[in-house]
Amino acid sequence: MEKLRHIEGSIVGMPVNDIDTDQIIPARFLKVTDKAGLGKAAFCDWRYLEDGETPNPDFILNRPAYAGASVLVAGNNFGCGSSREHAPWALLGAGFQAVISTDFADIFRNNALKNGLLPIVVDRDTQQQLFSLADEDPGTTVSVDVEAQALTLPDGRRVNFPLDGFSKYCLLHGVDQLGYLLALEGDVQAYEASKPQRVTTTV
Amino acid sequence: MTDNGRPRTLFEKVWNAHTVREQSDDTPAVLYIDLHLVHEVTSPQAFSMLRERGLMVRRPDQTIGTMDHSTPTTPRNEQGIIPIADAMAALQLDTFSRNCSDFGIPMYALGDEHQGIVHVIGPEKGLTQPGMTIVCGDSHTSTHGAFGALAFGIGTSEVGHVLATQTLLQNKPRTMAINVEGRLGEGVTAKDIILAIIARIGIGGGTGRVFEYRGAAIRNLSMEGRMTVCNMSIEGGARAGMVAPDDTTFEYMYGRQHAPSGTDWDAAIANWRTLPSDAGAVFDQEITLSADALIPMITYGTNPGMGMPITEAVPAPADEPDINKKSALDKALAYMDLSPGQQLLGKAIDVVFIGSCTNSRITDLRQAASFIEGRKVADSVRMMVVPGSQQVKKQAESEGLDEIFRAAGAEWREAGCSMCIAMNGDQLQPGQYAVSTSNRNFEGRQGKGGRTFLASPLTAAASAVSGVIADPRVMLAN
C-alpha cells in the first residue's frame with residue numbers, strides 16, 4: 001500500500017443516499033481473479049447506456065467538467081450491501097482517493113481503509129455545502145491532511161474527521177495490517193493452547 | 001455467567017471468549033476466528049497475497065470452501081456434469097480449486113453431493129455451532145448468528161488476514177436488542193419479520209451494531225426461520241445478528257457430521273446453555289415489534305428498507321420531509337416504474353425466484369411446495385426454484401417436492417446463489433419484474449435493468465400462481 005498523507009483534489013458530488021456496492025461495481029464484474037482494470041466497471045450501470053459501452057451523458061462522472069475528480073462526495077450511508085472489496089478497488093481504479101459522506105457502511109469502510117481509499121465522515125451541513133460547491137463550481141478542490149484528520153474547504157474552513165489510530169498509522173506509513181497480526185503469532189498460540197479447538201473441517 | 005457479577009449479553013460472552021488481545025486506544029481488538037468459510041469470488045486475491053508473501057494457511061483445519069456464487073444452476077448433462085458456459089467463471093472456479101488444493105483446505109466443488117451456498121452448508125454440516133466466531137468474505141455470513149455464533153462478513157484483505165493468522169482486527173461493535181413479541185399469524189413468516197424490522201430501522205439503522213433477536217416470536221421460529229432473520233441483519237446495516245441457542249438449536253444440530261457427539265455432545269450443550277444473555281444484561285439500544293400485528297411484507301423500492309405490508313400502497317415522495325430520502329424514493333420509483341399511491345397487489349410480474357442464502361432451505365421449499373401443490377404457475381411467469389445445497393436438493397427430492405414444482409410448471413435447478421446475485425447466467429432481463437425470496441432489491445442486483453420485489457416464499461408462491469403480486473393469506477383462506 002502507498003503512503004497516504006495528503007490529498008489535494010477536485011470534488012464531484014453524487015447526492016444519492018445509500019449507494020450500495022452493487023452500484024459501485026455490479027456483480028457480473030466479480031468473476032475476476034485479480035484487482036486490475038476494475039476502474040472501468042465503477043458505477044457501470046449508471047455510467048454507460050444500455051449497450052454497456054456508450055457513456056451516459058447525464059451521469060455526473062461523464063461530464064467533462066468533472067474529469068479528473070479524485071474526491072467523491074456522496075449521500076448518506078455510502079457503501080452499504082455486499083462485502084465485495086472490489087468496490088474500493090474499482091473506486092481507486094477510477095481515480096478516487098477519498099469519499100466524503102455523513103456515514104459509511106461498516107464493511108465498506110474497513111475495506112476502503114485497507115486499500116488506501118480514505119472514507120471521510122463529515123456533518124450534514126458540510127456534506128450539503130460540498131454538494132453545492134461541486135454543483136455550482138466544477139473543479140472545486142479540497143485538501144485533506146491525514147495526520148491532522150482535517151479536510152480544508154475552499155473557503156479555508158477546516159473540518160476534522162474521525163479516523164482510528166491504527167488505520168491512520170497504516171495509511172501514513174503505507175503498511176498493511178497483516179504484518180501486525182503476523183507478529184502476534186505467540187499470542188495466538190497461547191490463545192489456542194488455552195481453548196479447545198471448536199470444530200475441525202478436515203475430518 | 002457473569003463478569004465480576006455484571007450481567008452480560010450473548011454477544012459480549014462470545015466476543016470476550018475470542019479476544020486474543022484487548023482493544024486499546026491505539027489498536028482494535030484482535031479476535032480469534034473458529035471457522036472460516038471461503039468461496040470462489042472473494043478469495044482469489046487473498047490467496048494471491050499469501051503466495052506473494054510466501055505464507056501458508058495457518059489453520060486449514062478450521063477453514064472450508066464451497067463453490068456457490070459464480071456457479072451455474074442449470075440441470076446436469078447426460079454425464080451428470082453441470083456445464084459451465086462462462087469462461088471467466090470457469091477460470092475463477094478452477095483457480096479456487098487449485099487454491100484450496102494447494103493450501104490444504106477441504107472444498108466442495110460444483111456438483112459435489114455436499115456443495116451449496118456457503119451459508120446453507122455451514123449449518124447443514126454441523127460446522128456452525130453456538131458460541132463460535134465465524135467469518136466469510138460475504139456479507140450474509142450474519143446467517144450463522146442464528147445458532148448464537150458471532151458471524152460476520154469481511155472483505156478480501158481480511159480473508160487474507162484470517163487465512164494467514166486465524167485472527168482479525170476488529171473494533172468492538174455496540175449491541176441492539178430487537179424484541180419480537182407475540183405470535184405470527186397464518187401466512188406470515190420469518191422473512192416478513194426481518195423485512196418489517198428493516199423497514200422500521202432503515203438500511204443504515206444497525207451500522208456499528210450487532211443485533212440480538214429476542215422474544216417469543218423468535219423463540220417459536222425453526223432454525224431455518226432464525227437463519228432467514230439473521231441472514232438479513234446486514235440489510236439493516238448490522239454486520240452480525242444473533243439468536244440465543246436453545247433446544248430448537250440443539251435439536252437441529254444433533255447428529256450432524258461436524259457436531260459434537262457422545263459425551264462431547266453433553267459437555268457442549270452444558271457450555272452452550274451458558275451463552276444466552278444474562279437477565280438484566282444491558283443493550284446499547286433496544287426496540288420491540290409485535291408479531292401479532294405483522295402481515296406479509298413486500299418491498300417496493302431499490303433497497304431492503306423500502307418495504308411495506310403487502311396491502312399498503314407505494315409511498316409518495318411528496319410526503320417525505322427529508323430531502324435526501326425524498327430524492328432516494330424518487331429515484332427508486334423511477335427505476336421500479338411505480339407510482340406514488342399505487343397498490344402492489346395485482347401488479348403483473350414476470351419471474352418468481354425461490355432460493356438464495358435467505359430462503360433456500362428445506363422448510364422454505366416445503367412452504368412453497370405446499371402452496372404450489374395442485375396449482376399451476378401462471379403462463380406469464382417463469383418460476384425458478386433453486387435449492388440452497390445439494391443436500392437440500394436431495395432431501396426435497398426424497399419428499400417429492402421437485403415433482404410438485406415441476407408439475408406446476410416451475411424450474412427445479414441445481415444448488416447455488418443463482419438469481420440472487422446474477423453472476424452465473426441466472427438473471428432478469430431489463431425491465432422484468434420479479435418476486436424474489438432473496439435479500440437485495442438493489443438496482444440491477446438480479447440482472448441489469450431488472451426490478452425486484454423481496455418477499456417470503458409463501459408470497460412468492462402465491463404470486464407465481466396468480467401471475468401478479470398476491471397475498472398468500474387470501475389463497476390460504478380459500
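Student: Which residue stands opposite B:His36 in E8(B)?

Tutor: In this predicted model, B:His36 is across from B:Val135 in E8(B). Three bridges connect E5(B), residues 35–38, with E8(B), residues 133–136, and the two strands run parallel.

Student: How many bridges join E5(B) to E6(B)?

Tutor: Three, and this pair also runs parallel. Here B:Val38 is placed opposite B:Gly65. To get from E5(B) to E6(B), the chain passes through helix H2(B), residues 44–53, in a β-α-β crossover that is right-handed.

Student: How should I read the side-chain directions along a strand?

Tutor: Side chains in a regular strand alternate between the two faces of the sheet. In E5(B), B:Leu35 and B:Leu37 point one way, while B:His36 and B:Val38 point the other way.

Student: Why does B:Thr175 count as buried?

Tutor: The cut-off is 20 or more other C-beta atoms within 10 Å. B:Thr175 has 23 C-beta neighbours inside 10 Å, so it is classed as buried. B:Thr175 lies in strand E11(B), residues 174–181.

Student: Which residues does B:Thr175 touch, leaving out those up to four places away in sequence?

Tutor: The list is B:Thr9, B:Phe11, B:Arg209, B:Val210, B:Glu212, B:Phe283 and B:Asp284. As for B:Asn271, 96 residues from B:Thr175 along the chain, the C-alpha atoms of the two are separated by 22 Å.

Student: Moving to the whole chain, what does the secondary structure of chain B come to?

Tutor: Chain B has 16 helices and 21 strands. Its radius of gyration is 22 Å, close to the 23 Å given by the globule rule for 478 residues, so chain B is as compact as a globular protein of that length. The C-alpha trace spans about 55 × 55 × 45 Å along its principal axes.

Student: What share of chain B is buried, and what share of its contacts with a separation of 6 or more links residues 24 or more positions apart?

Tutor: Buried residues are 61% of the 478. For the contacts, the share is 76%.

Student: How many residues does each chain bring to the contact between chain A and chain B?

Tutor: Chain B brings 68 residues and chain A 48. On the chain B side, the elements that each supply at least two residues include H2, E6 and helix H3 (87–103). Helix H5(B) gives the most, with six residues. By class, this side of chain B has 24 nonpolar, 31 polar and 13 charged residues.

Methods. Residues numbered from 1 in each chain as written. Chains lettered and ligands numbered in written order. Predicted model: local features only at pLDDT ≥ 70, side-chain atom pairs only at ≥ 80, totals over all residues. Buried ≥ 20, exposed ≤ 12 C-beta atoms within 10 Å, placed from the backbone. Helix = DSSP H or I, 4+ residues; strand = E, 2+ residues; numbered from the N terminus. Pairing = 2+ DSSP bridges. Right-handed = clockwise from strand over helix to strand, strands pointing away. Rg over C-alpha atoms; globule rule 2.2 N^0.38 Å. Contact = placed C-beta atoms within 7 Å. Nonpolar A, V, L, I, M, F, W, Y, C, P; charged D, E, K, R; others polar.
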